[in-house]
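Time to open the notebook on a new structure. I want to look at its surface first, then at its rings.

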Amino acid sequence: MLLQNEIASVWRRVLATVLDLVILHLGLSIVTRGMVWSFEGMWLVEFAVAVFYSGLLLGMRGQTLGKMALGLRVIQAGDGGLGQGQTFKRAILKWLPVYGV
């Protein structure tokens with residue numbers, strides 16, 4: 001576990017993102033089982049769910065499930081908390097390169 005306001009290593013942040021991807025894929029595979037999607041349609045749904053998942057959890061707790069598992073938390077320099085608008089912008093910028101939308 002990191003000390004309060006200590007910056008996490010790149011590898012811990014990457015591992016948290018990988019855990020989030022696994023959680024998202026498992027959740028989506030359960031919810032969409034039996035549904036027929038085009039490849040592009042599924043990628044767009046996954047991107048939208050990833051942005052919603054990250055934006056909502058970061059705004060509420062400062063942590064996604066992957067970050068919680070590794071004891072990481074996102075804070076704003078200065079006063080600590082992030083607003084919902086900031087978290088959704090951050091989520092879009094984070095997931096765009098992953099999903100290549």
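**Ground rules.** I'm working with a predicted model, where local features need pLDDT of at least 70 and side-chain atom pairs count only at pLDDT 80 or more, while totals for chains, interfaces and linings use all residues. Residues are numbered from 1 along each chain as its sequence is written, and side-chain values use heavy atoms, with hydrogens and water left out.

**Entry 1, the surface.** I looked for a nonpolar patch and found one with about 890 Å² of accessible area together; Trp11, Val14 and Leu65 are among its residues. (Patch residues have over 30% relative accessible area and no salt bridge, and nonpolar side chains are joined within 5 Å; a salt bridge is a Lys or Arg side-chain nitrogen within 4 Å of an Asp or Glu carboxyl oxygen; areas are Shrake-Rupley with a 1.4 Å probe.) Helix α1, residues 10–31, gives the largest share, nine residues. (Helices are DSSP runs of H or I, at least four residues, numbered from the N terminus.)

I searched the whole structure and got three aromatic pairs. (Ring centres lie within 6.5 Å; planes under 30 degrees apart are stacked, over 60 edge-to-face, the rest tilted.) Tryptophan 43 and tyrosine 99 pair edge-to-face, at 5.6 Å and 80 degrees. They sit 56 residues apart, in helix α2 and helix α4. Tryptophan 95 and tyrosine 99 are tilted, because their planes are at 50 degrees.

Trp43, Phe47, Trp95 and Tyr99 form one aromatic cluster. Is tryptophan 95 buried or exposed? I noted 0% relative accessibility, so tryptophan 95 is buried (under 20%; exposed is over 50%, partly exposed in between). Tryptophan 43 is partly exposed at 33%.

Notes
Patch = residues over 30% accessible without salt bridge, like charges linked within 9 Å, V, L, I, M, F, W, Y side chains within 5 Å. Helix = DSSP H or I, 4+ residues; strand = E, 2+ residues; numbered from the N terminus. Phe/Tyr/Trp six-rings, centres within 6.5 Å; stacked < 30°, edge-to-face > 60°. Buried < 20%, exposed > 50% of the residue type's maximum accessible area, 1.4 Å probe, protein only.
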